[in-house]
Amino acid sequence: IMPAKMFGVFRAVLLKTPAKIASGIFAAYFLFAWFGFEPLLKWAAPKFIADKSQHQLHIAEARFDPFALSVSIKGLSLAEPDGKALLKFEELFVDFDAGSLLKWAYVFDDIRLTAPDAQLELRADGSLNWTHLIEALKSKEEEADEPLPRLLIRRIALEKGRVAVADRKVGFETTLNPLALSLTDISTLPDDKGAYSLAATTQLGARIRWKGDVMLKPVLATGELAIDQVRLARLWPYVKGKLAMAAPEGTASLALNYRLGYSDKKLSLLLDKLGLNLNGLALKGLHAAEAAIKLDTFALGGGRFDLEKRE
């Protein structure tokens, strides 16, 4: 009788212990998600950045949903050590798919960045304002080439974006605003393709439209690019030192189809249906009162460039 009782007690303990362990793990998971994630991220991320490069990082709010497996980071701002702004955004939302375990891949249902405001500056010494941070975050050890992780992102969206661009070497500034980007089904799984599109308007009045498909394994991108209403006078700082003439009048537009690939350590690039249009072009000497050349319309079409064939 005694051995039977002892076996029963031992069996009950074994059955209860896994349940208690599992309950403890789940309780710790939810407690961390609700109470630990935000203070840990708001403390650890700025400290990591400051230790690496002395840049200043601030996060206003961070949330982790343990049921939906989603993360929301709001009010992030990043500045250089002297306080000059580099980047800020309203919200970064990442929704992870628990079905990843069944696909043996990292699967994200949605990645959305709202109202990013970035500063890109080429300084007079030729360096970028992002260079110091990038170099500080790079690994000190040389890493071997590894295959891309198995990844599937069903949707990436950038909404209400703004990028300020400045070239201090020539005194050129412009802003891409508003900037919108949408990508779907981005994947490194074999033969998976994703569609994407980009639309932006700059302070120069130029409109940028970009759409196509991308495959990451192997790397292959195809699509269409169009840039309209580029004011030639606003691009003049880049060439005025080489030409003894006044800034030109008129607008330019460019359109092309492209196919860009990388396979077997070879880069291929095909540009097709290349078209360039100049409208209202007027060219005059540096001190001339009247234009020496005027063209209402100048158009080139049917252009083609093949890097692989050298044509």
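Is Asp306 buried or exposed? At 8% relative accessibility, Asp306 counts as buried, where buried means under 20% relative accessible area, exposed means over 50%, and partly exposed lies in between, with a 1.4 Å probe and protein chains only.

**Before you select anything**

This is a predicted model, in which local features need pLDDT of at least 70 and side-chain atom pairs count only at pLDDT 80 or more, while totals for chains, interfaces and linings use all residues. Residues are numbered from 1 along each chain as its sequence is written, and side-chain values use heavy atoms, with hydrogens and water left out.

**The whole chain**

Begin with the protein chain in a cartoon view, where there are 4 helices and 13 strands; helices (H or I, at least four residues) and strands (E, at least two) are DSSP runs, numbered from the N terminus. Buried residues make up 30% of the 311 residues in the chain. Among contacts between residues at least 6 apart in sequence, 51% join residues at least 24 apart, a contact being heavy atoms within 4.5 Å. The chain exposes about 20300 Å², of which carbon and sulfur atoms supply 63%; accessible areas come from the Shrake-Rupley method with a 1.4 Å probe, and for residues only the protein chains shown count as cover.

**Salt bridges**

Next, turn to the charged side chains. Side chains of opposite charge can pair when their charged atoms come close. A salt bridge is a side-chain nitrogen of Lys or Arg within 4 Å of a carboxyl oxygen of Asp or Glu, and by this rule the count comes to 18 salt bridges.

Select Arg155 and Asp110, whose side chains meet in a salt bridge at 3.0 Å, N to O. Arg155 lies in strand E6 and Asp110 in strand E4 (residues 106-114), so this pair ties together parts that are 45 residues apart in sequence. Arg155 is partly exposed, with a relative accessible area of 31%, whereas Asp110 is buried, with a relative accessible area of 13%.

Then select Arg168 and Glu121, where another salt bridge is found at 3.5 Å, N to O. Arg168 lies in the loop between E6 and strand E7 (172-187) and Glu121 in strand E5 (residues 117-122), so the pair ties together parts that are 47 residues apart in sequence. Arg168 counts as partly exposed at 39% relative accessibility, while Glu121 is buried, with a relative accessible area of 12%.

Arg304 counts as partly exposed at 44% relative accessibility.

Which strand holds Asp167? Asp167 is found in strand E6 (residues 151-167), and it is buried yet has no salt bridge, since the nearest side chain of opposite charge, Lys169, is 6.5 Å away. For such charges, Lys and Arg count as positive and Asp and Glu as negative, whereas His and the chain ends are not counted. Show the backbone as well, and you will find the backbone nitrogen of Lys169 3.0 Å from a polar atom of the side chain of Asp167. Leaving aside its neighbours within four places in sequence, Asp167 is in contact with Leu122, Phe172 and Tyr238.

**Backbone details**

Most residues other than glycine have a negative phi, and most peptide bonds are trans. Go to Asn177 and Pro178, which are joined by a cis peptide bond with omega of about 0°; Pro178 has its place in strand E7. Gln54, in the loop between helix H1 (2-53) and strand E1 (56-65), has a positive phi of about 70° although it is not a glycine. Gln229, found in strand E10 (residues 219-231), also has a positive phi, of about 60°, although it is not a glycine.

**A nonpolar patch**

Finish on the surface by selecting Leu254, Leu276, Ile293, Leu295, Phe298 and Leu300, which form a nonpolar patch with about 460 Å² of accessible area together. Patches are made of residues with over 30% relative accessible area and no salt bridge, with like charges joined within 9 Å and nonpolar side chains (Val, Leu, Ile, Met, Phe, Trp, Tyr) within 5 Å. Strand E13 (residues 293-306) gives the most to this patch, with 4 residues. Phe298 has its place in strand E13 and counts as partly exposed at 35% relative accessibility.

Definitions and conventions: A polar contact is a pair of N or O atoms within 3.5 Å; within protein, one must be able to donate a hydrogen and the other to accept it, and residues adjacent in sequence count only if both atoms are side-chain atoms.
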